[in-house]
Structures are given as structure tokens and as C-alpha cells.
Amino acid sequence: MKKQDRDAILKSIPQKGFFGHPKGLSTLFFTEFWERFSYYGMRAILLFYMYYEVSDGGLGIDQTTANSIMAIYGSLVYMSGIIGGWIADRILGTARTVFHGGVLIMIGHIVLALPFGAPGLFVSMGFIIIGTGLLKPNVGGMVGELYSKTDPRRDSGFSIYYMGINMGAFIAPYIVGTLGEGVNFHLGFGVAAVGMLAGLIVYVVTRKKYLGLAGSIVPNPLKNEEKKRLTSISLTVVAILAIVGWLGISGGWLTVERVIFSISILGVIIPTAYFIYMYRSPKTTSDEKSRLLAYIPLFVAAMMFWAIQEQGSTILATYANERTDLNFLGIELKASWFQSLNPLFIIMLAPLFAGMWTKLGDKQPSVAQKFSFGLIFAGLSFIVMMFPAYFNGTESLVSPLWLVLSFFLVVLGELLLSPVGLSASTKLAPAAFAAQMMSLWNLSNSSAQAINAQVVKFYSTETEVMYFGVIGGIAIALGIILYLFSPKLKAFMRGLN
């Protein structure tokens with residue numbers, strides 16, 4: 001973005017009014033609050049909706065297949081962010097891209113709220129995947145546009161914004177989950193749609209007044225000849241996919257399982273191609289190539305971490321529903337409520353971690369060491385889930401405190417790895433690929449969930465102890481290996497930490 005464009009944006013934004021921050025932060029805070037409310041509310045009951053019997057209001061999909069679909073769904077949501085960033089940079093600008101994304105998300109929830117059965121499920125997923133890809137990465141980008149690069153409020157502003165994300169995610173399962181499980185799944189999805197509508201209303205009503213020109217400038221607009229080429233390529237791709245889909249479905253060879261497997265393969269191929277392209281590019285210097293090599297073990301560690309963390313909405317959600325005693329201290333719990341534990345612990349612990357790193361200063365662990373500790377905590381979150389079945393078998397229901405402990409441990413790992421990974425991605429990125437490096441970081445989660453779509457097939461009550469033990473043990477082993485090699489990785493970072 002040109003300097004004069006940035007100056008014009010900053011002059012157009014009311015610079016105080018929301019806890020000492022630009023008023024535009026309130027617009028983005030509440031937009032993202034309601035978007036996360038809708039997404040995490042929907043996600044809290046979606047798995048149950050898929051595998052509950054039709055007589056109980058569900059779709060009657062095989063439980064293992066439902067878990068795989070959930071994993072692939074999450075993977076595609078993160079993959080779509082690459083497309084959303086490109087559309088904002090080349091066609092619409094972030095402000096318009098965010099609006100269109102919110103509309104598509106709301107349509108997806110409305111489709112789920114109507115009794116369209118399995119076809120409605122997959123259509124709604126398509127809308128929400130594309131919509132989230134348009135909205136999610138670009139709202140964060142607009143937060144950055146509210147501040148100059150030297151504004152001391154910048155980091156604090158992102159912290160406030162991050163709290164909005166987690167507050168929306170925290171309350172959603174209690175409202176949407178309670179209605180979905182206790183009354184009707186479609187009512188729960190309808191409330192999620194209302195949540196996204198609330199976010200859109202906040203965005204539209206306050207955008208011009210509080211955001212000024214933020215997000216209105218297209219940084220690198222397509223030229224006319226590029227638009228024509230893009231249109232022809234897009235129409236060709238859509239036509240090919242439509243033909244393949246029609247032939248596959250009518251011929252019976254394009255099954256859900258094959259689609260899931262194909263996307264799982266893409267989850268590995270895409271980041272691998274990204275690394276090779278950046279490493280071999282003539283724009284990447286020798287020092288930057290060394291830093292890319294240092295980044296690869298961090299990326300693999302992040303994939304392993306997210307493979308465990310994201311099972312909170314699949315395997316642990318199933319565990320909450322079928323293996324947990326939901327009558328606790330006289331309170332009748334809902335299985336969907338456990339999805340609130342992750343954002344709750346982040347809200348509680350994030351300020352403590354931020355203060356700890358500030359206090360430690362130069363004495364804090366290196367990036368690789370923090371990643372290794374994060375992996376170990378993630379592994380422990382699965383190891384503890386072995387004990388109920390190991391000591392009492394799988395026939396009796398277990399205390400919900402086991403799940404609370406598991407979510408607590410994985411959040412400790414997340415706070416050691418996730419924000420550190422974002423920071424490391426910006427530091428280790430080749431100058432020519434700074435934006436793509438952030439997309440690559442998001443792909444660590446996408447790839448993990450794509451792989452999870454195959455891994456979750458091995459879970460059952462009979463394999464429960466081995467499942468949690470093997471995955472948890474692998475994570476701990478990788479964490480120890482990463483810790484031992486951390487001095488070597490630091491050398492490869494060429495002066496960066």
C-alpha cells in the first residue's frame with residue numbers, strides 16, 4: 001500500500017473512543033464477536049446433528065464418517081483463507097470482501113436451519129467455507145489498518161480484538177448448543193444465523209462512520225487483461241468441476257469417502273509446494289533459505305499440535321456426548337458446552353502468558369523451545385484421556401473433569417505455540433513472500449485437519465486407550481526431539497529468534 005493511501009486512511013478514522021483506541025476497533029471487535037458466535041455455535045452441534053439418528057432430529061450419518069467430515073470441513077475453512085486474501089488484495093478490498101463473506105456465512109447457517117437434510121448440510125458447508133475464507137483473514141487485516149506501524153496502541157488493539165474472538169466463541173455453545181441439543185438442531189442453527197446477521201448489522205451501520213477509508217483501497221488491482229483471463233479460467237474450472245461432479249455422482253464413484261481422501265492428500269501437497277516454490281525462488285536470498293529450513297520443523301510441530309487441538313470438536317466432542325457423565329453435582333450438562341472450555345481458558349490465561357514473556361525479556365525460551373513445550377502439553381492432554389478407560393474400562397461413564405483437564409492442558413500448549421508461531425512466521429518469512437508466509441502458517445492447521453480426517457477413523461471405544469496414548473506419545477516425542485535440536489534451529493535462523 002502506498003504511503004499516501006495509508007495516511008489518508010488514518011486521517012479518515014476517529015482515533016479515540018473505544019477504550020482509548022480508534023472507534024473502528026469497536027466495529028471490527030463486534031463483527032468478529034458475532035461471526036465467531038455463529039461459527040462456534042454451529043460447530044458445537046454440527047457433529048451431533050450429523051450422526052444422531054433421524055428419529056432424534058439428526059441425519060443418521062455413520063459416526064466415523066461424521067468425524068471425518070468435520071475434520072475436512074475445518075481444513076477447507078483454513079484453506080479458503082488463501083482465496084479470501086487474494087480477492088481482497090486484487091479485486092474487492094478488505095472492507096467489501098468482509099461484507100460479502102458475512103453474507104455467505106449467514107446464508108450457510110440459514111440453509112442449515114431449514115430441513116433440507118444431507119443435501120442442505122453440504123450446500124451450507126460450501127457457503128460457510130467460502131464466506132469464512134473471505135471474512136476471517138481480512139477482518140484482522142483491517143485491524144492493522146487502524147494504526148500506524150509505530151503506534152504504541154497497535155499490539156494492545158490486537159489483544160482487544162483477540163478477546164472479542166474468544167468471547168464470541170465462549171458464549172456460543174451455551175446458547176446455540178442448549179437450543180440445538182435441548183430443543184431442535186435447526187433452531188440452534190437458526191440462532192447462529194441471527195448471530196451472523198447481528199455482526200453484519202453492526203458492520204454496515206458503523207463502518208463508514210468509524211472505519212473511514214480502512215479496507216476500501218484495493219492494494220494490487222487486476223488489470224483488464226488479467227480480469228478477462230481470470231474470468232475464463234474460473235468459468236472453465238467451474239464447468240470441469242460440475243461435469244466431474246455430475247458424472248461421479250451419477251456413476252456412483254464420487255463418494256463422500258473419496259472426496260475426503262482427496263482433500264486429505266491436498267492438505268499435504270499444498271504446503272509442500274509452497275515451501276519448494278519459496279525456497280527455489282530467485283527472490284529468496286541465502287539467509288532467507290536458511291530461515292525457511294528452520295521454519296520447516298516448526299511447521300511440522302504446528303501440524304502435530306493442531307492435529308490434537310482440533311480433535312476437541314470431533315473425538316473429544318464424541319467423548320463428551322457418549323463417554324461422559326453429564327449429570328455433575330446436580331447440574332445437567334450439555335455435551336456441546338465443552339466447546340466453551342478452549343476460549344474460556346484462553347481468556348483466563350492469555351494475559352498471564354503475555355505478562356510472563358514481558359517479565360522474562362531476553363531470558364525467555366527460544367521459539368523452538370516454546371514450540372516443544374507446546375507440543376508436550378498437547379501430548380499430555382491426550383495422555384490423560386487414557387486413564388479413565390485404562391482403570392475403569394469403557395462401559396462406565398467418566399467424570400467431566402477429565403475433559404476439563406484435557407482442554408486446559410491443550411490451551412497451555414496453544415498459548416505457547418500459536419501466538420509464537422504467528423510472530424515467527426513474520427520474522428522468518430522471505431521479504432518477497434511475507435503475505436504468503438502468513439497463509440502458509442494458517443495451512444499448518446488446514447493440513448492437520450486434513451490428516452485428521454483419516455486419523456479419526458481409528459477411534460472407537462475398543463481402541464480408546466491406544467488411540468489417545470499413541471497420538472499423545474508421538475506429540476511428546478516430537479516435542480522432546482524439537483527441544484534437543486533447538487540450538488541447531490536457532491543457528492539456521494541466522495541471527496533471528
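Modeller: Ser 281 is buried, because its relative accessible area is 8% and the cut-off for buried is under 20%. The residue sits in the loop that joins helix H9 (256-280) to helix H10 (286-309). Leaving aside residues up to four places away in sequence, Ser 281 touches Lys 289 and Phe 433.

The model is predicted, so a word on confidence belongs here. The mean pLDDT of the protein is 89, and 96% of its residues reach 70 or more. Helix H1 (residues 3-12) has the lowest confidence, with a mean of 61, whereas helix H13 (residues 367-383) has the highest, at 96.

Another loop residue, Leu 329, is placed between strand E1 (327-328) and strand E2 (331-332). Leu 329 is exposed, with a relative accessible area of 72%; the cut-off for exposed is over 50%. The backbone at Leu 329 has a positive phi of about 55°, although the residue is not a glycine. Most residues other than glycine have a negative phi.

Next come two helix pairs. Helix H11 (residues 315-322) and helix H15 (residues 401-428) have axes that come within 11 Å and cross at roughly 165°. H11 and H15 are therefore roughly antiparallel to each other, as angles over 145 degrees are counted that way. The crossing in which H11 passes H15 is left-handed. On the H11 side the contact is made by Leu 316, Tyr 319 and Ala 320, and these meet Leu 403, Ser 406 and Phe 407 in H15. By class, the residues of this contact are 5 nonpolar, 1 polar and no charged.

The other pair is helix H4 (residues 94-113) with helix H5 (residues 117-145), whose axes are 7 Å apart and pack at an angle of about 150°. That angle makes H4 roughly antiparallel to H5. H4 also passes H5 in a left-handed crossing. The contact of H4 with H5 has 16 nonpolar, 12 polar and 1 charged residues.

Terms used. Residues are numbered from 1 along each chain as its sequence is written. This is a predicted model: local features need pLDDT of at least 70, side-chain atom pairs count only at pLDDT 80 or more; totals for chains, interfaces and linings use all residues. Side-chain values use heavy atoms; hydrogens and water are left out. Axes are lines fitted to C-alpha atoms, for helices over the stretch in contact, and angles run from 0 to 180 degrees between N-to-C directions. Helices (H or I, at least four residues) and strands (E, at least two) are DSSP runs, numbered from the N terminus. Angles under 35 degrees count as roughly parallel, over 145 as roughly antiparallel, 65 to 115 as roughly perpendicular and the rest as oblique. A crossing is left-handed if the near helix is turned anticlockwise from the far one by less than a right angle, and right-handed if clockwise. Contact means heavy atoms within 4.5 Å. Ala, Val, Leu, Ile, Met, Phe, Trp, Tyr, Cys and Pro count as nonpolar, Asp, Glu, Lys and Arg as charged, and the others, Gly among them, as polar. pLDDT is the predictor's confidence in each residue, from 0 to 100. Buried means under 20% relative accessible area, exposed over 50%, partly exposed in between (1.4 Å probe, protein chains only).
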